[in-house]
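Here are my notes on the model, as promised.

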Amino acid sequence: GERERIPLDLPGALALALATLALTFGVNRLGVWGPSPVPVACLVAVPFAVWALVAIERRAPHPLLPLRVLSSRNTRVVTAASFFLGAGWMGNFVLTPLLMQSVMGLSAGLTSLLSVPRAVFIVGAAPTASRWGQRFGERRLVAVAALGLGLVMASMTVGALTTSVVAIALALPLSGWAFGHAQPGLTSAMGHAVDERDFGLATSLQQTANQIGAVVGIGLFTALAGDATTAGPFAVVYLLTATCAFIAVPFALLIRDAHTAR
């Protein structure tokens, strides 16, 4: 027989879009305009938009975001960890080429060449992330990876202040290695947190949180150092991106593993 057509939860979609827009636009403009009325109003509106989203989804016959998905602790802590890791990772990712070109004077070609190992190490981390996740559990894997990512990002502050190409070039693959271990662990923990019918929704929520964090991180950190021609603003941003990764650690420690490490 034909599958039942489920109507679109339009009020829920609008509330989710409003909350996301208010957060990302508010943070982006806060970095550019400072604490002016528009970005402040956007950020003040965020909790109200989230409250409206929860109220709408609680009453919706076919909710866009079923509250049963959010009832799991893993769902909440993984979403938070994904947001902060996304913000720190993408802020660092976008700002580093600007540092290498505007402060260190490297060409676009050399900057691209030095950035390639970061992506390679992300891909290369997948096999070990899978093995270590099964052996030690998602909680330990994500916590250690987030801590390592934060330490590597913090070390890039020294590379920026000393304009050391070697220090930055060494940090890039290490950051990719750490991030490449955190992401699979987060996805696995999110998938194990819900029923099989909600697996796609839960993993999509995790990726969405990561992407929203990325937008926030790019907007805020680019506003802080995007036009800088000296190392100081980049060093500050590196500390802030490291802080984002460190904030993800306590959330990771709250993850409940799907199995006991052998």
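Predicted model: local features only at pLDDT ≥ 70, side-chain atom pairs only at ≥ 80, totals over all residues.

1. Phe84 has a relative accessibility of 23%, so it goes down as partly exposed; the cut-off for buried is under 20%.

2. A search over the whole structure turns up 6 aromatic pairs. In the Phe83 and Phe84 pair, the ring centres are 5.3 Å apart and the planes meet at 85°, so that one is edge-to-face.

3. Another pair worth a look is Trp89 with Phe93, which comes out as tilted, at 6.0 Å centre to centre and 45° between the planes. Both residues belong to helix α4 and are 4 residues apart, about one turn of the helix. In general, an α-helix has 3.6 residues a turn, so residues three or four places apart point the same way. Are the two partners buried or exposed? Trp89 counts as buried, because its relative accessibility is 6%, while Phe93, at 34%, is partly exposed.

4. I also checked the geometry of α9, residues 231–253. With 23 residues at 1.5 Å a residue it should span 33 Å, and its end C-alpha atoms are 34 Å apart, which agrees. Its buried residues include Phe234, Tyr238, Thr241, Cys244 and Val249, plus several alanines, among them Ala231, Ala245 and Ala252.

5. Now the largest pocket, which holds about 730 Å³ of space. Its lining has 24 residues, and those nearest the centre are Leu16, Leu65, Thr79, Leu205 and Ile212. At least two lining residues come from each of α1 (10–33), α2 (37–59), α4 (73–103) and α8 (199–225). By class, the lining splits into 18 nonpolar, 5 polar and 1 charged.

6. The second largest pocket has about 200 Å³ of space. Of its 13 lining residues, Trp132, Leu141, Val144, Ala145 and His181 lie nearest the centre. The elements giving two or more residues to this lining are α5 (108–136), α6 (138–161) and α7 (165–192), with α6 providing the largest share, 6 residues. The class count here is 9 nonpolar, 3 polar and 1 charged.

Methods. Residues numbered from 1 in each chain as written. Heavy atoms only, no water. 1 Å grid on protein atoms, 1.4 Å probe; cavity = no way out; pocket = protein on both sides within 12 Å on 5 of 7 lines; lining within 4 Å. Points joined across faces, edges and corners; volume = space filled by probe spheres on them. Nonpolar A, V, L, I, M, F, W, Y, C, P; charged D, E, K, R; others polar. Expected span 1.5 Å × (residues − 1). Buried < 20%, exposed > 50% of the residue type's maximum accessible area, 1.4 Å probe, protein only. Phe/Tyr/Trp six-rings, centres within 6.5 Å; stacked < 30°, edge-to-face > 60°.
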